[in-house]
Amino acid sequence: MKLQSATTMLQKAIDGKYAVAQININNLEWAKAALTTAQELNSPIILGVTEGAGKYMAGYKTVVGMVNGMLEELKITVPVAIHLDHGSYDAVLQCIDAGFSSVMYDGSHEPIEQNIANTKKFVEICNSKGLSLEAEVGSIGGEEDGVVGSGECADPDECKRIADLGVTMLAAGIGNIHGKYPDNWQGLSFDTLRAVKEKVGNLPLVLHGGTGIPVDMIKEAISLGVAKINVNTECQWAFQKATRAYIEAEKDLSGKGFDPRKLLAPGYEAIKAAVKEKLELFGSAGKA
């Protein structure tokens, strides 16, 4: 199976009233855990890569090579897209050149006219290459990989202007944030989501910050047109907890050497469990 754009899988999600998970990857173990779990559950999946993660993994071409190798060696048959998450203008161009099948241009921090102008350029490029394109209106709250947003709710009219350019999917801020949700979080703004949906029609919507949102809110968001939900923090927590537990249990390593395969194995299994939970919750299991 070759990498695919996210276009077809998201349109199927809209029609089937479920959401495709974007699982952000940071190393080999994360990518392998996401792919094997998607295959086991017969679910489409999107592998998200931030600019920082791309640099850590030795560059975007390295990431594409690693994922393509896994698709072949692990005999992955479910639809898989590799997607730039919160990309700057230059990063989008680099990922397109590296072989990504999907990209996000995050122009939400720019004035709306600049966001529109840049997004329009990427619509033309992505259409010519058969890639899917995500745009953003209204910054997502919290911090992810150095990208900070205060959690504004998007202007539905601005969302329509971006949607009318021909993007594949739209991330609209509706009070969601990256990272841990604070105790005083007011929840998702479904009034905003409904207003955006009314303006953009059948365009797949994206919910960033999928970790920590209550199940009932997740299901309501999907019913209102959210077809892609991003998960990163939950995998980080699972990986950290499992790795710490292994280290605590193996305090005396004198004379044993260091085997990263053993150290990272518990984290790998923990991510698989977290991904399985999300694929089942979002309703994409069995939909490949």
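Reader: What is the relative accessible area of Asn 42?

Author: Asn 42 counts as partly exposed, a class between buried (under 20% relative accessible area) and exposed (over 50%), using a 1.4 Å probe and protein chains only. Its place is the loop between H2 and E2, where helices (H or I, at least four residues) and strands (E, at least two) are DSSP runs numbered from the N terminus. The relative accessible area of Asn 42 is 34%.

Reader: Before we go on, what kind of model is this?

Author: Residues are numbered from 1 along each chain as its sequence is written, and side-chain values use heavy atoms, with hydrogens and water left out. Local features need pLDDT of at least 70 and side-chain atom pairs count only at pLDDT 80 or more, while totals for chains, interfaces and linings use all residues, since the model is predicted.

Reader: What is the phi of Asn 42?

Author: Most residues other than glycine have a negative phi. Asn 42 is not a glycine, yet its phi is positive, at about 55°.

Reader: And which loop holds Lys 75?

Author: Lys 75 also has a positive phi without being a glycine, with a value near 55°. Its relative accessible area is 64%, so Lys 75 is exposed. Its loop is the one between helix H4 (60-73) and E3.

Reader: How many residues of strand E2 are buried?

Author: In a regular strand the side chains alternate between the two faces of the sheet. In E2, Ile 45, Leu 47 and Val 49 are buried on one side, and Ile 46 and Gly 48 are buried on the other. E2 (residues 45-49) is therefore largely enclosed by the rest of the structure, with a buried count of 5 of 5.

Reader: Which residue in E3 is the bridge partner of Ile 46?

Author: Strands of a sheet pair through backbone hydrogen bonds, either parallel or antiparallel. E2 and strand E3 (residues 80-87) pair in the parallel sense over 5 bridges, where pairing asks for at least two DSSP bridges between the strands. The partner of Ile 46 in E3 is Ala 81.

Reader: What is the average twist from one strand of the barrel to the next?

Author: The barrel is closed, with 8 strands in the order E1-E2-E3-E4-E5-E8-E9-E10 and parallel pairing. From one strand to the next, the twist averages 25°.

Reader: What angle does the direction of helix H1 make with that of E10?

Author: H1 (residues 7-16) packs on the sheet, and among the strands it touches are E1, E2 and E3. Contact means heavy atoms within 4.5 Å. Angles run from 0 to 180 degrees between N-to-C directions, and axes are lines fitted to C-alpha atoms, for helices over the stretch in contact. With the direction of E10, that of H1 makes about 115°.

Reader: Which residues does Val 226 touch?

Author: Val 226 is found in strand E10 and is buried, with a relative accessible area of 2%. Leaving out residues up to four places away in sequence, Val 226 touches Tyr 18, Ala 19, Leu 193, Leu 205, Leu 207 and Ala 221.

Reader: How many nonpolar residues are in the contact of H5 with H6?

Author: Helix H5 (residues 89-98) and helix H6 (residues 112-129) pack with their axes 12 Å apart, at an angle of about 5°. That makes the two roughly parallel (under 35 degrees; over 145 is roughly antiparallel, 65 to 115 roughly perpendicular and the rest oblique). The contact has 1 polar and 2 charged residues (Asp, Glu, Lys and Arg are charged; Ala, Val, Leu, Ile, Met, Phe, Trp, Tyr, Cys and Pro are nonpolar; the others, Gly among them, are polar), beside which the nonpolar count is 7.

Reader: Which residues does Lys 272 touch?

Author: Lys 272 is in helix H11 (residues 260-282). Its relative accessibility is 12%, so Lys 272 counts as buried. Not counting residues up to four places away in sequence, its contacts are Ala 33, Thr 36, Thr 37 and Glu 40.
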